[in-house]
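Q: I would like to learn how the features of a structural model are read. Could the model be shown, and then taken up topic by topic?

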Amino acid sequence: MRSVDQHLTEILGSVTALPPLDLALLEAQGTVLAEPVSAPVPLPPFDNSAMDGYAVVAADIAAATELDPVRLPVVGDIVAGDSGVAAIRPGLTARIMTGAPLPAGADAVIPVEWTDGGNATVRITRPAPPGNYIRRSGEDVREGQVVADAGMRLNAPQIGMIAAVGRSRVSVRPKPRIVVVSTGDELREPGSPLAPGEIWESNSFMLTAAVVEAGGVGYRQATVQDEPAKVLEMLQDQLVRADAIVTTGGVSMGTRDVVKEVLTGTGTVGFHKVGMRPGKPQGFGLLEGTPIFTLPGNPVSAYVSFQVFVRPALMAMQGLAPEPLPMVSAVLAEDVKSPAGLRHFLRGRLSFNQGYTVTAADVQGSHQLGSLSSANALIELPEDVEAMPAGSHVKVMRLPS
Ligand SMILES: Nc1nc2c(c(=O)[nH]1)N[C@H]1C(S)=C(S)[C@@H](COP(=O)(O)OP(=O)(O)OC[C@H]3O[C@@H](n4cnc5c(N)ncnc54)[C@H](O)[C@@H]3O)O[C@H]1N2
Ligand code: MOO
């Protein structure tokens, strides 16, 4: 039997970051930048007004009050998009709109609310210091500044930032394309009727969704029968569209454990008992250079295996650190038991009230998907722990929410 850490080390030693791809900005949403993006010009590129109002020389209005306003002739109108060649001299003002370039000679902007809004002449009722409501060139981003670094996932703010520095395309690590395959003669498509002995197929739906949650593109492949030639042919057919393949089922000790049968000795695929519960029977290797993860068929085992082994690999393929899901320390609400020598992942409910508390689900069988779907966390108990009393601090992996 190998440990969880040994199995993960083998996996991470075999997967590499996907080669960068040049994508149009919106196509790059959710991908990870492969190179830093920097600003070719400062932002804002020019000094401009933060308010709709009047550009003035601050000294001209130093004595302005409600009772004794300063009157200034309005010599022009400057709107956003103007070329910025306008200028004023002391004693004059120009009407200016938010985002419009500050005219040469002006050193303050007076919002229209501090004036009578005049067109030819304006009465200003309050003084303002130099710099008032002026947005200076470069005060957002300096010329040459890196605004998004390699390794950053492109969410809405980063996409906005990259557009704001004038870039329409970016070099990114594409989302890994993961083909998810279920095997089992007993499996039927949801929506179709069940004959005796059959169940509705759920693993491939769950894991295709988990791939998306981990930043990949999931391709759900229809279930194949437990027939060795068909399984191998289907897996080989999938290689053209897969950066990795994830299978569930057919990897333990049964007479029809077809995934194990056809992949043993194929490529570099190896099968191991891993010291964890759930998720003991695992397979991993490269099939014509493509990573393949053969996860156990019990639904909870498949899910936990995905989070523990496949997710970190997906991170690495995106050029990210192979992080586990976020972990927090929580206080156990009740006593728990754990099998000796195995890392135990218990489904639980994590709640926050000044600190985190976690309650293990009542049932923990690896076929009991109900307790996974109502869990929001996995309690991770180390191999050397056999019991933990209520009140102990435990490591808890938060499930994607
Ligand atoms: N003699 C032994 N038997 C088993 C062992 C063992 O060590 N010795 N290990 C057990 C453990 S632990 C697990 S986990 C399972 C893994 O079995 P397989 O990976 O071979 O999976 P299957 O036998 O195909 O299925 C197991 C179980 O899960 C259901 N299943 C499978 N695929 C799906 C799916 N896509 N959607 C929903 N449910 C699925 C399947 O019907 C079975 O009930 O082996 C134990 N046995
Ligand atoms: O290890 Mo199996 O994956 O628990 O049910």
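A: Let us begin with the elements: helices (H or I, at least four residues) and strands (E, at least two) are DSSP runs, numbered from the N terminus. The model is a predicted one, in which local features need pLDDT of at least 70, side-chain atom pairs count only at pLDDT 80 or more, and totals for chains, interfaces and linings use all residues; side-chain values use heavy atoms, with hydrogens and water left out. Residues are numbered from 1 along each chain as its sequence is written, while chains are lettered from A and ligands numbered from 1 in the order in which they are written.

Q: Where is Pro44 found, and what is the peptide bond from Leu43 to Pro44 like?

A: Pro44 belongs to the loop between strand E3 (37–38) and strand E4 (48–49). The bond that joins Leu43 to Pro44 is cis, and its omega is near -10°. A cis bond also runs from Arg277 to Pro278, with omega near -10°. Pro278 is placed in the loop between strand E19 (276–277) and strand E20 (281–287).

Q: Which value of phi does Tyr133 have, and how is its accessibility read?

A: Tyr133 has a positive phi of about 50°, although it is not a glycine. It is found in the loop between strand E9 (121–124) and strand E10 (134–135). For accessibility, buried means under 20% relative accessible area, exposed over 50%, and partly exposed in between (1.4 Å probe, protein chains only). Tyr133 is therefore partly exposed, as its relative accessible area is 32%.

Q: Is Glu288 buried or exposed?

A: Glu288 counts as exposed, because its relative accessibility is 63%. Its phi is also positive, near 50°, in a residue other than glycine. Glu288 lies in the loop between E20 and strand E21 (290–295).

Q: Which residues surround ligand 2?

A: A residue is near a molecule or strand if one of its heavy atoms lies within 4 Å of it. Ligand 2 is surrounded by Pro278, Gly279, Lys280, Pro281, Asn298, Ser301 and Ser366. To sort them by class, Ala, Val, Leu, Ile, Met, Phe, Trp, Tyr, Cys and Pro count as nonpolar, Asp, Glu, Lys and Arg as charged, and the others, Gly among them, as polar. The shell of ligand 2 then has two nonpolar, four polar and one charged residues.

Q: Which residues come nearest to ligand 1?

A: Ligand 1 has 21 residues around it, and Glu186, Glu201, Val251, Asp257 and Gly297 come nearest. An N or O atom in the side chain of Glu186 is 2.6 Å from an oxygen atom of ligand 1. The side chain of Glu201 has a polar atom 2.7 Å from a nitrogen atom of the ligand. For Gly297, a polar backbone atom is 2.9 Å from an oxygen atom of ligand 1.

Q: What does the side chain of Arg343 join in a polar contact?

A: The side chains of Arg343 and Asp5 are joined by a polar contact of 3.1 Å. Arg343 is in strand E24 (residues 343–353), and it is buried because its relative accessible area is 11%.

Q: Which backbone oxygen does the side chain of Ser305 reach?

A: The side chain of Ser305 reaches the backbone oxygen of Ser301 at 2.5 Å. Ser305 is placed in helix H6 (residues 299–317). With 0% relative accessibility, Ser305 counts as buried.

Q: How far apart in space are His272 and Ser3?

A: Their C-alpha atoms are 9.8 Å apart, while 269 residues separate His272 and Ser3 in sequence. His272 belongs to strand E18 (residues 270–273).

Notes:
Polar contact = N/O pair within 3.5 Å; in protein donor to acceptor, adjacent residues only side chain to side chain.
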